[in-house]
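Please keep the sequence and the 3D view open while reading.

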Amino acid sequence: MTGSQLRLRRAGLRDVDYLLELQVDPDIAPFLSAGRAASREELVEEVERSLVDPQAFGRLMIETPHEREWRLVGAIGFERTNKRSRIARIGGLAVHPDFRGHGLGKAAVRELARVLFGELGYHRLEAGVYGFNERGMAAIENAGFVREGVKRLAYRPADEWVDAVEFGLLADEL
Ligand SMILES: CC(C)(COP(=O)(O)OP(=O)(O)OC[C@H]1O[C@@H](n2cnc3c(N)ncnc32)[C@H](O)[C@@H]1OP(=O)(O)O)[C@@H](O)C(=O)NCCC(=O)NCCS
């Protein structure tokens with residue numbers, strides 16, 4: 001999967017350490033789903049699932065060109081949530097703090113959407129973002145997702161209940 005400025009590469013077991021590092025970064029962890037795979041064992045399980053069932057589940061590494069090589073800058077994922085209606089949910093988006101503010105979050109979401117619609121035949125993509133996560137919402141919206149609603153005080157990632165903002169994108173909207 002390659003866009004002009006970045007590529008998405010399916011994660012392998014050698015990427016688990018990097019995924020773990022991202023998960024615990026204090027500038028990433030509070031913004032990711034509190035129910036995500038967090039331990040090494042859970043991440044290994046997800047990476048293996050992504051390798052054996054690539055149409056339905058993905059753990060992908062975001063890479064950008066750097067001195068003729070590809071440099072890791074983050075991660076993104078998806079999961080099929082409805083087979084009959086061909087719906088997938090995007091999640092686990094993280095750009096390492098060193099590489100933020102250059103449109104990579106937006107570009108990674110767009111590239112994943114291109115692959116999910118164009119190559120894997122999905123019809124609709126969904127994403128949920130905590131209501132306090134302005135950067136996350138900006139990246140998703142800039143990628144073309146439409147704000148579809150708010151799940152009021154749906155989750156408690158830390159001490160307080162917070163809203164989740166739901167976004168959707170249809171194949172012909174990309
Ligand atoms: C969300 C994240 C992936 C964005 O990565 P990125 O490469 O910086 O994304 P982009 O450069 O494409 O877009 C960031 C947008 O946030 C905006 N932004 C940055 N800080 C902001 C803030 N404090 N308040 C509001 N918007 C902000 C930027 O201006 C930019 O929007 P613009 O291009 O319209 O100006 C990255 O910040 C991250 O990993 N965050 C932690 C994990 C996370 O939140 N994941 C998303 C869960 S859905």
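L153 is placed in strand β6. Helices (H or I, at least four residues) and strands (E, at least two) are DSSP runs, numbered from the N terminus. The phi angle of L153 is near 40°, a positive value in a residue other than glycine. L153 counts as exposed because it has 12 C-beta neighbours inside 10 Å. The classes work as follows: a residue is buried if 20 or more other C-beta atoms lie within 10 Å of its own, exposed if 12 or fewer, and partly exposed in between, with C-beta atoms placed from the backbone.

R86 also has a positive phi, about 50°, although it is not a glycine. R86 is found in the loop between β3 and β4, and with 17 C-beta neighbours inside 10 Å it counts as partly exposed.

## Source and numbering

The model is predicted: local features need pLDDT of at least 70, side-chain atom pairs count only at pLDDT 80 or more, and totals for chains, interfaces and linings use all residues. Residues are numbered from 1 along each chain as its sequence is written.

## Overall form

The protein has four helices and seven strands. From the N terminus on, the elements run β-α-α-β-β-β-α-β-α-β-β. Along its principal axes, the C-alpha trace spans about 45 × 35 × 30 Å.

With 174 residues, a compact globule would have a radius of gyration near 16 Å, and the 15 Å of the protein agrees with this. The radius is taken over C-alpha atoms, and the globule rule is 2.2 Å times the number of residues to the power 0.38. Buried residues make up 30% of the 174 residues.

## The sheet

Strands of a sheet pair through backbone hydrogen bonds, either parallel or antiparallel. Here seven strands form an open sheet with mixed pairing, in the order β1-β2-β3-β4-β5-β7-β6. The edge strands are β1 (7-10) and β6, each of which pairs on one side only. From one strand to the next, the twist averages 30°. Two strands count as paired if DSSP finds at least two bridges between them.

Strand β7 (residues 162-170) runs antiparallel to β5 (residues 124-130), with seven bridges joining them. Six bridges join β7 to β6 (residues 146-155), again antiparallel, and a hairpin links β6 to β7 through six residues. In β7, G168 stands opposite E126 and also opposite V146.

Ten bridges join β2 (residues 57-66) to β3 (residues 69-82), which run antiparallel. The bridge partner of L60 in β3 is I76.

## Helices on the sheet

Helix α2 (residues 40-52) lies across β1 and β2, at about 95° to β2. Helix α3 packs on the sheet and touches β1, β2, β3, β4, β5 and β7, and its direction makes about 155° with that of β4. Axes are lines fitted to C-alpha atoms, for helices over the stretch in contact, and angles run from 0 to 180 degrees between N-to-C directions. Two residues are in contact if their C-beta atoms, placed from the backbone, lie within 7 Å.

## Around the ligand

How many residues surround the ligand? There are 21, and the closest are F31, R100, G105, E134 and G136. A residue is near a molecule if its C-beta atom, placed from the backbone, lies within 6 Å of it.

β4 (87-95), α3 (104-118) and α4 (134-142) each supply at least two residues of this shell. α4 gives the most, with six residues. The shell divides into ten nonpolar, seven polar and four charged residues. Ala, Val, Leu, Ile, Met, Phe, Trp, Tyr, Cys and Pro count as nonpolar, Asp, Glu, Lys and Arg as charged, and the others, Gly among them, as polar.
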